[in-house]
Amino acid sequence: MAAAPTDGTHAGTHAAAPAAVDPERYLRIEGVRKEFDGFVAVDDVSLDIRKGEIFALLGGSGSGKSTLLRCLGGFERPTRGRIVLDGQVLDPLPPYERPVNMMFQSYALFPHMTVEQNIAFGLKQDGLSGDAIAARVGEMLSLVQLAKLAGRKPHQLSGGQQQRVALARSLAKGPKLLLLDEPMGALDKKLRSRMQLELVNIIEQSGVTCVMVTHDQEEAMTMATRIAVMDQGWIQQVGKPDDIYEQPANRFVAGFIGSVNLIEGIIDEDQPEYVTVRTGDFPAPIYVGHGITGYEGQPVAFALRPEKVYIGKQEPDGDNNKARGTVEDIAYFGSHSVYHVRLPSGAKVLANFANMKRWDSDGITWNDEVWVSWDDNDGVVLTG
Amino acid sequence: MLRPSRWRPSVRLLVIAVPFLWLLLFFAVPFLIVLKISFSRMAIAMPPYTPVVEYLDSALTLRLNLGNYAALFADPQYVLAYLSSIQIAAVSTVLCLLIGYPMAYAIARMRPAARNIALMAVVLPSWTSFLIRVYAWIGILDANGILNRFLLWTGLVDAPLRILYTPTATYIGIVYCYLPFMILPLYANLVKLDQRLLEAAYDLGARPWKAFVRITLPLSRSGIIAGCMLVMIPAVGEFVIPEMLGGPDTLMIGRVLWGEFFSNRDWPAASAVAIVMLLLLLVPILVFNRHQQRQMEGRLA
């Protein structure tokens, strides 16, 4: 191993040069499959993750997201496939030899060590000098703003403080890849939204590439630059948060992220500029103002987000994209209300209404006859 | 229910009183009797000691004879017996820990179904009489015993090993008998260990051995202390095992006590031996209690 290739004679080793690693493909997950006693937890997953991005694996329980994360950390060996980080194949390496650190779910802080000792633990394993360790620990403590609590034990800290210690501990060694396992799982709702942004700030300051696992779509959308939605071991869609929300790839993604009106129908007219969808739910066909790849007569679903639906007592202009119904339920959320409108066909349409006025007395109320409508480009036709 | 303050204190008092009464009757009273006897003088009488408190001619006299205690420190035989007892108990405790820790660790890592079977196997021998189990070791360690016949058969030794009636046999007996008392508290501690802490240690670059030393070992400290106390304390006063397996040169305070009591019929001397032994054991017990208390406080804070 001592002799490094110095010329072109080692044709097979050209990939070993670190400079050749494409920053777009800093972490490559290639066809990873993981089986447990015949049960397939992760099924042929391939992903390319950019250097410095925060990438979220989003899915419900049993979607395989945690198993995939454990494969990255080295706690599980993939049954098939490869994981390559910065040109280095990780699979044969045990966790303690990987340039990867993880912030565990509910943190797994060492209860018998102080904050300082917890953060120093990884550095000590590298055999650094005492001064170097102390300097790095000090740096980490100021990064997460916990310098005052350096001598405390984990059980003397609040949930948010524990989380910051866990983050400092996993960043202390300067890993090439940071893994976050349900980072907000142990925090209450109010603290969660504050810590999400704080965590992102700290991670971005350190510039580390980060893969996080979460079941919470809001958390994934707030924190991640890109999201992979997983279900039953498969990647359903990869994209930026707004892509996934506004252009879901299939019914599962549309239903998993946010709330949605899913209307089943058949493509009636398939033109390059527009598409119409015939459905039993609405009296008029649905008109979509852009072309799609499909064929006439193909069964599809039309996905329409509730906040894109306009609700009013006046009949809107135009022949398409409107329906009449009665208000069956109103869910009040403070900032907005969700109206459940029942159509004569039996279908139900959810429509959001922003509560921009206080005590809107002439607003829409239960059993009112209303019109719901939307613009030509507000919905998405799903073929999957 | 309307006015709980009316009946609650009496219930609380009762709940506290029962264990107190128990301790008073079965611990404090016998202890005080032994303490009293240790301050008396031997007598040819029934019971074979002089009274400590006497009421004669309208005079209540308390006569404390410190001679028994003075003799304990004057006679090197007693001091040697104490030291030797502590040494045998300490070595046995360390051996129990060295054998018991890996066993407890292995059991704690088993599948839950296998765990129960393994724990049963640890406890099962205790269902046989202690005396019979110690006696069985005579059959094993004897010059003609199972062990020697096996060793001769395999050709590992030319002449039978002399193990029985030596200190080695005493160690074997004590370690064998007290091993479950080491394994059980260690197991109870190790089974609770959060596996994710070890994963976190590996993740931070600790090799398995390093993770064991830095994480598992310190977190199982209270189990180690509990196990060591449970082995060490009864082992110091052990009588049956050194008597049956050890030779005449295996000096232990339990045997001295037996000799004073039954051979010499010197109840006061035997009582003094017992009191000093108790005081010697009290120190580690107090240290242990203090440690437990600190642990509890740490958890509450």
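Figure 1. The elements covering the buried residues of α4(A) include β6 (100-103), α2 (115-125), α3 (130-143), β7 (177-181) and α5 of chain A. The model is predicted, with local features needing pLDDT of at least 70 and side-chain atom pairs pLDDT 80 or more, while totals for chains, interfaces and linings use all residues. Residues are numbered from 1 along each chain as its sequence is written, and chains are lettered from A and ligands numbered from 1 in the order in which they are written. Helices (H or I, at least four residues) and strands (E, at least two) are DSSP runs, numbered from the N terminus.

**Figure 2. Burial of α4(A).** Because 10 of its 13 residues are buried, α4(A) is largely enclosed by the rest of the structure. Among them are Gln162(A), Arg164(A) and Leu171(A). A buried residue has 20 or more other C-beta atoms within 10 Å of its own, C-beta atoms being placed from the backbone.

**Figure 3. Packing of α4(A) against α5(A).** Helix α4 (residues 159-171) and helix α5 (residues 189-206) of chain A pack at an angle of about 20°, with their axes 11 Å apart. The two helices are therefore roughly parallel (angles under 35 degrees). Axes are lines fitted to C-alpha atoms over the stretch in contact, and angles run from 0 to 180 degrees between N-to-C directions. Residues making the contact (C-beta atoms, placed from the backbone, within 7 Å) include Gly159(A) and Leu167(A) of α4(A) and Met195(A) and Ile202(A) of α5(A).

Terms used:
Angles under 35 degrees count as roughly parallel, over 145 as roughly antiparallel, 65 to 115 as roughly perpendicular and the rest as oblique. Two residues are in contact if their C-beta atoms, placed from the backbone, lie within 7 Å. A residue is buried if 20 or more other C-beta atoms lie within 10 Å of its own, exposed if 12 or fewer, and partly exposed in between; C-beta atoms are placed from the backbone.
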